[in-house]
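This report walks through one chain, from its overall build to single residues. Please keep the model open while reading.

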Amino acid sequence: MLGKLARQHDPNLLVGFDQADDAGVYQISPELALVQTVDFFTPIVDDAYTFGQIAAVNALSDVYAMGGRPLSSLAMVCFPEKGDLEILEQILAGGLSKMVEAQCTVAGGHSIRDPEIKFGYAVTGTIHPKKVLTNAGAKPGDTLLLTKPLGTGVISTAIKKQKAEPAWIDAAVKSMTTLNKAAAETIAAGKFKVHAMTDVTGFGLLGHAREVALASKVSLEIRAASVPLLPGALECVRAGHVPGGLTANRDFAECMVEYGSGIPDDLKTMLFDPQTAGGLLLSVASSDAEPLRLALDQAGVRASIIGQAVAKTKPLIRVF
């Protein structure tokens, strides 16, 4: 809808909404730019504190995905007029715990009465204008890395249906409450040739891969068996715990995807699973891929090499 509006022409806007990127980037001096993003959603777990943590991690992720450092945030709250304020306090406390971990100051916020609880943040970060990592820099020959496993969408759906096993919930919650801070800091150190980066969230792996491919004018090849999955993710798909967002992602992006033979249908489905607080998808020079993976591992990030970028061709994305 924003794309239908009159365009503003501001030379200081380095990354805007027209580029389908993770956050806006606005230059304020030759050596400093702001990274700005906003994200909020309804509860996806029962525990209020954990929901607050997940919402904060999710909102912070877009700043990390640009290579930025979160600086300050504003909380956004929708809460029932007669709701239990202790629940709201727990949500806010959970969010604050992750903002403290990210060294991002909560400066205030805004709330409205709403029958349905919603929570999130507007986050502002900083970055050097020449060190911004967008989804548009992938080059043929690059290696693709993914820093978190997929599956939060289908597992969250199973949770709502009270069909998720405790081990699945624990693994999904651990993933969703883990900041992308360590990964972003390892990448921002500048020791590795990372050409493009995005976080895998609501559009699923292949939806965000599509954005990288289109913005970078390349094609991507993804090795399905190398894509990491959360415990229980495939079981959720087989049991029919598929969120509407997954179906929408598949309807939108699958026309640009070609599959190799022998890939199970449940695995194909997982590649479109909408993620909450998902990992980072990186396009890195092939010579730096393994050294970066090892550096991420030392930082506590279990990154997986899942494919490569190639010269643009049809299909846009090949899954083999």
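In which loop does Q103 lie? Q103 sits between α2 (85–101) and β5 (105–113). Helices (H or I, at least four residues) and strands (E, at least two) are DSSP runs, numbered from the N terminus.

## Basis

This is a predicted model, in which local features need pLDDT of at least 70 and side-chain atom pairs count only at pLDDT 80 or more, while totals for chains, interfaces and linings use all residues. Residues are numbered from 1 along each chain as its sequence is written, and side-chain values use heavy atoms, with hydrogens and water left out.

## Overall build

The chain has ten helices and 13 strands. Its radius of gyration is 19 Å, close to the 20 Å that the globule rule gives for 320 residues, so the chain is as compact as a globular protein of that length. That radius is taken over C-alpha atoms, and the rule is 2.2 Å times the number of residues to the power 0.38. Along the principal axes, the C-alpha atoms fill a box of roughly 55 × 55 × 45 Å.

Buried residues make up 52% of the 320 residues. Buried means under 20% relative accessible area, exposed over 50%, partly exposed in between (1.4 Å probe, protein chains only). Contact means heavy atoms within 4.5 Å. Of the contacts in the chain with a separation of 6 or more, 84% come from residues 24 or more positions apart.

## The seven-stranded sheet

Seven strands form an open sheet of mixed pairing. Their order is β8-β11-β7-β12-β9-β13-β10. The edge strands, β8 (194–199) and β10 (257–259), each pair on one side only. The twist averages 20° from one strand to the next. Two strands pair if DSSP finds at least two bridges between them.

Strands β7 (residues 143–146) and β11 (residues 280–284) run antiparallel and are joined by four bridges. Within β11, V284 stands opposite T143.

Helix α6 (residues 204–216) lies across β8, β9 (218–222), β10, β11, β12 (304–311) and β13 (317–319). It runs at about 150° to β9. Axes are lines fitted to C-alpha atoms, for helices over the stretch in contact, and angles run from 0 to 180 degrees between N-to-C directions.

Helix α10 (residues 286–298) has 13 residues. It reaches 19 Å from first C-alpha to last, close to the 18 Å expected at 1.5 Å a residue; the expected span is 1.5 Å times one less than the number of residues. Its buried residues are D288, A289, L292, A295 and L296. An α-helix has 3.6 residues a turn, so residues three or four places apart point the same way. Cover for the buried residues of α10 includes β7, α5 (181–188), β8, β11 and β12. G300 follows α10, with a positive phi near 90°.

## Loops and backbone exceptions

T276 is found between α9 (265–270) and β11. T276 is buried, at 16% relative accessible area. Beyond its neighbours within four places in sequence, T276 is in contact with F41, I44, I54, N58, T152 and M176.

Most residues other than glycine have a negative phi, and most peptide bonds are trans. Q103 has a positive phi of about 55° and is exposed at 59%. K217, in the loop between α6 and β9, has phi near 60° and is exposed at 61%. The peptide bond from K314 to P315 is cis, with omega near 5°. P315 is in the loop between β12 and β13.
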